[in-house]
Amino acid sequence: MSFKLQSLVRPNIWALEPYSSARNEFTGTAEIYLDANENPYENGLNRYPDPLAMKVNHKISAIKGIASQQIFLGSGSDEAIDLVFRIFCKVGDTVITMPPTYGMYEVSANICDIAIKKIALRPDFQLDTDKIMDTIDANTKIIFICTPNNPTGNDIEMHSIERILTEFKGIVVVDEAYIDFSRNPSCSTLLDKYPNLVVFQTFSKAWGRAAMRLGMAFASKEIIALFNKTKPPYNISTLTQKAALDALESGYETMQKRVKILLQEREKLEKSLTKVPCVLKIYPTDANFILIKVTEADKIYAYLTQKGIVVRNRNMVALCEGCLRVTVGTVKENKLLLTALTNYPS
Ligand SMILES: *Cc1c(COP(=O)(O)O)cnc(C)c1O
């Protein structure tokens with residue numbers, strides 16, 4: 001495969017001399033730190049954090065089996081999404097998304113003034129790979145694939161992801177925010193095979209730490225080096241680094257247990273929903289949510305809200321007409337949702 005990273009990167013980013021922070025220029029340990037204009041009075045937060053959050057990085061590296069230099073840590077996946085645009089796209093370039101999908105790819109494209117080409121998913125919510133291939137041109141820099149996909153919930157077939165990785169010479173982002181709920185393995189196992197692959201994961205879903213704001217990108221060490229030189233120097237706060245270490249050290253088993261429970265609850269919910277009169281269709285899911293087609297989406301959404309239950313109304317989204325997206329909650333929450341839906345006067 002003829003892959004030339006430099007030809008994809010914005011020339012200003014390729015040439016960028018990154019900000020050299022005090023913590024970059026001196027990395028040993030000392031008695032007295034007078035190099036960063038910090039306040040000397042200790043309160044646990046008076047010093048700048050480790051710019052690369054290396055302790056967190058090493059823990060993730062061990063758990064995921066991915067080399068440390070192939071891991072970027074950002075303030076949520078949102079920062080990683082923003083960075084791929086700023087690293088690879090200049091005005092005139094285009095990216096491809098496959099709606100219905102996560103809204104942030106388009107928002108980030110708009111912020112950076114990058115044109116976006118949308119190739120709708122097929123009715124079975126899989127990729128229209130032939131059409132994607134036909135749409136790629138010399139200006140296409142990035143293709144975003146979300147698997148399991150939000151809001152549809154399904155996994156994208158691995159063979160179509162691999163076809164795009166093989167035939168497209170630009171950057172392929174595979175957003176795996178929901179991978180821990182999926183039956184399929186992570187695409188991070190393909191990193192050695194495809195130098196154009198960037199995988200996103202997050203602490204916001206299975207890890208149960210949406211408020212912590214920590215996202216991960218896995219890619220070649222060359223691409224990760226570009227992420228790290230482009231990001232703000234101290235993008236991961238000390239509070240986040242501490243909470244992440246705590247999650248990785250003592251929260252791993254809890255995370256796995258809760259994922260198991262949520263998967264059982266998902267299955268129960270899928271089964272029970274088939275008996276609810278106002279539910280017309282339950283789409284297959286590999287995530288911690290279920291897309292359902294209902295008789296009157298707007299009315300049922302309002303009805304649920306009135307009962308104190310908020311779901312996501314996807315009625316206005318193309319291919320999701322009449323649909324609500326329902327997150328799998330606790331046993332009790334799911335029961336209340338089912339009762340409310342069952343009692344909906346039809
Ligand atoms: C929830 C979600 C994320 C997570 O974003 P964070 O910024 O890490 O909280 C990323 N991608 C998709 C598709 C999501 O649904």
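**Cavities and sheet**

Me: How much space lies in the second largest cavity?

Reply: Keep in mind that this is a predicted model, where local features need pLDDT of at least 70 and side-chain atom pairs count only at pLDDT 80 or more, while totals for chains, interfaces and linings use all residues. Residues are numbered from 1 along each chain as its sequence is written, and side-chain values use heavy atoms, leaving out hydrogens and water. A cavity is a set of points on a 1 Å grid over the protein atoms alone where a 1.4 Å probe fits but cannot get out, and its volume is the space filled by probe spheres set on points joined across faces, edges and corners. For the second largest cavity, that comes to about 40 Å³.

Me: How many charged residues does the lining of the second largest cavity have?

Reply: Lining residues have an atom within 4 Å of a point, and here they include Met98, Leu121, Phe144 and Ile156. Asp, Glu, Lys and Arg count as charged; Ala, Val, Leu, Ile, Met, Phe, Trp, Tyr, Cys and Pro as nonpolar; the others, Gly among them, as polar. By class there are 7 nonpolar and 2 polar residues, and the charged ones number none.

Me: And how much space lies in the largest cavity?

Reply: Ile156 turns up in its lining too, along with Asp155 and Glu176. That lining has 6 nonpolar, 2 polar and 2 charged residues. The space is about 50 Å³.

Me: In strand 7, which residue is the bridge partner of Phe72?

Reply: Strands are DSSP runs (E, at least two residues), numbered from the N terminus, and two pair if DSSP finds at least two bridges between them. Strand 1 and strand 7 pair in the antiparallel sense over 4 bridges. Phe72's partner in strand 7 is Ala217.

Technical notes. On a 1 Å grid over the protein atoms alone, a cavity is a set of points where a 1.4 Å probe fits but cannot get out, and a pocket is an open set with protein on both sides within 12 Å along at least five of seven lines; lining residues have an atom within 4 Å of a point.
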